[in-house]
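Here is a short briefing to read alongside the model. Have the viewer open, and take the points in any order you like.

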Amino acid sequence: MPPIGDRQPIFLATRSEISTFTADIIMAKSNIYRFCTGPWNWSAGQDPYGPPTRTEISFDRKLTELKKIGFEAMMFHDDDAVPEIDAKSGAQVLKEAKELKKRLDGEGITAEMVAPRLWFHPNTVDGAFTSNDPKSRQYAIDRSRRTIDIANALGTDLMVLWLAREGTYIRESKNGRRCVDLLVAALDAMLAHDKKIRLAIEPKPNEPMDVAYLPTIGHALAVAQLTRDSKRVGCLIESAHAILAGLDPADEIDFAMAFGKLWSLHLNDQNGLKFDQDKPFGSNNLRVAFNQVRALERNGYGQKGEYVCFDVHPFRTTQQEHWSAHLSNSRDTFLRLLEKARSYPEKQAEQLIADRNYQDLDQLVIEHLLGGK
Ligand code: XUL
Ligand code: MN
């Protein structure tokens, strides 16, 4: 690890690259959205206060369900792809990952990304890449390298990093500056492991930690600039995580896409600053959801092959037979809001903006969402 102060930010995306990208998106006519979700999104209803309320669904059933509900891709934690990964040799892990790839191909389903689950194992009790214990830090890096090997076997170049335990409960237990350097060193080790892998940081401001080191997209993209190949470090926005940071997810989308760095997306919903709720998309605030869809549209999201993923969970009260409704409902809501985004009365809105008549602009949006008078 380099000593503190030794790193210089490297700004690899030049202004002209960014404006070329902006020109691209202005040219973009109509985006095509493809949908994705993860096996964990069919959860069984357990919460910290009570046991499951539904029986577990087998992986095979989840896989065959995807196409039926209009989804084309699946996202994976490393141990969703290869269960009990820590108990297996590297060769065994690769063998199982290749077998999974065949099953995915058989169903016509793409693997969108793989993410290392760095928050379960005893070695990650005090954090993973930023643990105070060097052996635990090494475990986290080794496990992430394995995740990259799984991603390769599944045919994706995208690894997502939700840095679940990289933060503090007890401020004085960690040196925040040193933790930034440790995170950068870990990202560098992953980038060095595979010359093609792209890393998408999924920020979240809290839960399970009190305060996370990378709470927002701004933090994620700033850290990317400190790595050995900043072009291969981008981000994933989750609606609920942005709301938990007190931000509007649509602004986070515009910000990340201004850098050409929004490589994946977890749409869902969240009622204010409390535990991470992962509600169906649009469930809590249709207008906030509408503005996310508008932001995706104006930036051309999906045109470089990015998927719209729903990181949503069934309500605890959901009955077994409605096991996929939270996913198909989220997709339906997205598509309905897409129609709303495309039929938004742009000319009228522009005039109201020119007149600085934001009162009527506000009402125009409300009327549009209500279906017009
Ligand atoms: C946690 C979360 C995770 C990540 C993948 O809040 O959103 O499911 O999306 O590790
Ligand atoms: Mn997520």
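At the start of H10, a side-chain oxygen of Asn 285 comes to within 3.1 Å of the backbone nitrogen of Arg 287. Helices (H or I, at least four residues) and strands (E, at least two) are DSSP runs, numbered from the N terminus. This is a predicted model, in which local features need pLDDT of at least 70 and side-chain atom pairs count only at pLDDT 80 or more, while totals for chains, interfaces and linings use all residues. Residues are numbered from 1 along each chain as its sequence is written, and side-chain values use heavy atoms, with hydrogens and water left out.

**Helix H10**

- H10 covers residues 286-299, and its 14 residues reach 20 Å from first C-alpha to last, close to the 20 Å expected at 1.5 Å a residue (1.5 Å times one less than the number of residues).
- Among the buried residues are Phe 290, Arg 294, Glu 297 and Asn 299.
- Gly 300 follows H10 and has a positive phi, near 75°.

**Cavities**

- The whole structure holds three cavities of 30 Å³ or more; a cavity is a set of points on a 1 Å grid over the protein atoms alone where a 1.4 Å probe fits but cannot get out.
- The largest cavity has a volume of about 90 Å³, and of the 15 residues lining it (an atom within 4 Å of a point), the closest to its centre are Trp 162, Leu 163, Lys 204, Ala 212 and Leu 214.
- Strands E4 (158-162) and E6 (198-202) each supply at least two residues of that lining.

Note on methods. Chains lettered and ligands numbered in written order. 1 Å grid on protein atoms, 1.4 Å probe; cavity = no way out; pocket = protein on both sides within 12 Å on 5 of 7 lines; lining within 4 Å. Points joined across faces, edges and corners; volume = space filled by probe spheres on them. Buried < 20%, exposed > 50% of the residue type's maximum accessible area, 1.4 Å probe, protein only. Polar contact = N/O pair within 3.5 Å; in protein donor to acceptor, adjacent residues only side chain to side chain.
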